[in-house]
Amino acid sequence: MNIESIMNELTIEEKASLCSGADFWHTKTIERMDIDPIMVSDGPHGLRKNVDLADNPNQAIEAVCFPAACASACSFDRGLLEELGKAIGKECQTEKLAVILGPGCNIKRSPLCGRNFEYFSEDPYLAGQLAAAHIKGVQSQGVGACIKHFAANNQETRRFSVSAEVSERALREIYLAPFEAVIKESKPWTVMCSYNRINGVHSSQNKWLLTDVLRDEWGFEGLVMSDWGAVDDRVEGIRAGLDLEMPSSMGKNDRLIVEAVERGELSVDELDRCTRRVLELIARAQEGARPDMVWDKKKDHELAARIASECIVLLKNEGDVLPLDKNKKIAFIGLFAKEPRYQGGGSSHINSKYIDSALDCSSDYVKVTYAQGYVTDSDRTDEALLSEAVENAKAADVAVIFAGLPDAFESEGFDRRHMKMPECQLRLIDEIAAVNKNTVVVLHNGAPIEMPFNDKVSGIVEAYLCGDGTGKAVCDVLFGKQNPCGKLAETFPKKLSDNPSYLNFPGFGDKVSYSEGIFVGYRYYEAKDIEPLYPFGYGLSYTTFEYSDLRLSHSELDESKTLSVEVTVTNTGKYDGKEIVELYVSDRESSVARPVKELKGFEKVFLKAGESKKVVFRLDSRAFAYYEPAIEDWFIEYGAYDILVGASSADIRLKDTVYVNSGKRLPVHFDLNSNLGDIRQLPEGARMLADLFSSTDATGGHDDDDENMKRVSEMMTNELPLRAVVSFSADPRFTREYMKSMIDKLNETLGEE
Ligand code: BGC
């Protein structure tokens, strides 16, 4: 495809028309120029390729549902996500899809967001790393991925109009950070802008977001498309860098573009930029096409089950109730054992060809008894089902209850109002735990729930929405074929009101204030010392791991160097298993508010029973930096940073310290209203004040020989502005003019650095 010669031939009308879809899933055809359409499709954890739009817009081909991001994130495994992406990429090739719409890497600000199941984490580093790995896998197959929803789309309530009112620091450190990592590390072919507004401006026409940050700062070279129906002002969107409107606007917005060009309000160059990117995407897809590719649905389904088994999180295992002993009588209870809830509702919904239920898969191990226990989609208890289940549990040595959230409780399109499970399921768990002390709960849910049963049962297995291989994966974990090796990618608070967004979710009217700032997820719970039900990064194994020999490559670091961190991990238990090793960085003392610690590295390592391995992390300067709005850049404050290595955010095993000096200082400017404390903070300022007060009692009149009194005197005067020293001091030298000349000199010295 010769893009430049096509661009020379296209009329303004044709250019405008290429900048929106032909229908729900295709780009436009321009026959006279031999421009063929390409097809895009949801995503993200399998194909939802629509076959016959005219007859039934929701009819999708039979496909494979891999674990949703809420589950796959718990693997903390870049390689696994890449494998998942690769399989999906192959499926896209076979189905002639150019771009798959996903993954989504929005941050889980509140556990209530209806789409949390499609997102990876509350932590931007983890979300960015895993989304990037997923995309590398997809794109290795010659098809494109589409990172979404850019940006600050953290709720479903009023998702088309709500304005996320959020500080630049929180945007940069929390909400944009995963996108930044994805763009830089995996170069996605496309980005999907979000529905919402950010600080008042629709993402679909936000030039700061779509061009200044995305392209100019991060170097994105692909295409930006709108979320489906996200366009407000199409002409403004072209200007901002929104290349493709999806789906079709039935030509209405294309006409507005043409009229704006004719009126001279939109330049041809601006339109050309977007059109060219659409053509580049089409060309890329054509070049990447592998027409002979075929996919084996059965094999991919088996892969989905294997991936699922690496994602499941063991939350509780009292008295080693798990793995299940095959010689015992085991009861499976709960409808989800037979009909697992393995995916969420909305645009990511897959028409699965194969579905494994735990009940079916249990026959690979033992014969279990089964009772349905409850009906889904309702809180109401069916008394007959309940008593049948209780009888089953009484007759068994171990009762395994399959519970969680039904479809009606969480989905794309709406947010939850609370974190509770259905009443009927809670009652079932209570009554069964009362008659069987070996009760295990297996959970299928897309986001955290309250667990009033936490102390009443012996085992809890968090399976999330683990794809259509869920049943097999769960059985492999329950019966010990697979040693559980997932850890939570989000905090489970004890109750909703503990969550940092509680007072401001989902906002009021068309605004939602992100007033918790950077304190999202564990960053908040730790800063407030709120004990969660289960902390970020937590998960048990059937074996145990010990950490030793933490070694840092440097004790002092400048910005150009990378810090290598080595640690030895030993499997000290009886089972082979995988451990996720987490690395956090903590700024010991900071002049701005910072979280207690932040995840900056993770590695998953397989260890045979008794085996030890060295795990290595590499940290670049960003690992120590925070976003400083005053310089519109990342900044590392000079000082000591703790390197914390552990098994979860709440289980730090080893610690060492590195001193980091970027050699940079924030620009400062003092005036007569600057207080003595701030001036004293800098060595030059402290010197100036010492000179100034050397022969006066202006700082409090104490005898400076007494070190203690000197400190007290400094503390008492720290809040004094320089101008007040003029008024309070009897020293005749201390006029406003004199002080001004001193402070000018100081500013000059600082500016010269
Ligand atoms: C969703 C997107 C999805 C698109 C196409 C929108 O409603 O927000 O995630 O890709 O529909 O189905």
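Student: Gln93: buried or exposed?
Tutor: Gln93 is buried, at 4% relative accessible area. Buried means under 20%, exposed over 50%, and partly exposed in between, with a 1.4 Å probe and protein chains only. This is a predicted model: local features need pLDDT of at least 70, side-chain atom pairs count only at pLDDT 80 or more, and totals for chains, interfaces and linings use all residues. Residues are numbered from 1 along each chain as its sequence is written, and side-chain values use heavy atoms, leaving out hydrogens and water.

Student: Where does Gln93 sit?
Tutor: In helix H4, residues 78-94. Helices (H or I, at least four residues) and strands (E, at least two) are DSSP runs, numbered from the N terminus.

Student: And what is Gln93 in contact with?
Tutor: Leaving aside neighbours within four places in sequence, Gln93 is in contact with Gln141, Gly142, Val143, Gly288, Ala289, Arg290 and Met293. Contact means heavy atoms within 4.5 Å.

Student: Which backbone oxygen does its side chain reach?
Tutor: The side chain of Gln93 reaches the backbone oxygen of Gly142, at 3.4 Å.

Student: How far apart are Gln93 and Pro291?
Tutor: They are 198 residues apart in sequence. In space, C-alpha to C-alpha, Gln93 and Pro291 are 7.2 Å apart.

Student: New topic. Which residues does the cis peptide bond with Pro44 join?
Tutor: Gly43 and Pro44, with omega about -5°. Pro44 lies in the loop between strand E1 (40-42) and strand E2 (62-63).

Student: What about the peptide bond from Lys148 to His149, cis or trans?
Tutor: That Lys148 to His149 bond is cis, with omega near -5°. His149 belongs to strand E4, residues 144-150.

Student: Last one. Where is Val712?
Tutor: In helix H21, residues 707-717. With a relative accessible area of 31%, Val712 is partly exposed.

Notes
A polar contact is a pair of N or O atoms within 3.5 Å; within protein, one must be able to donate a hydrogen and the other to accept it, and residues adjacent in sequence count only if both atoms are side-chain atoms.
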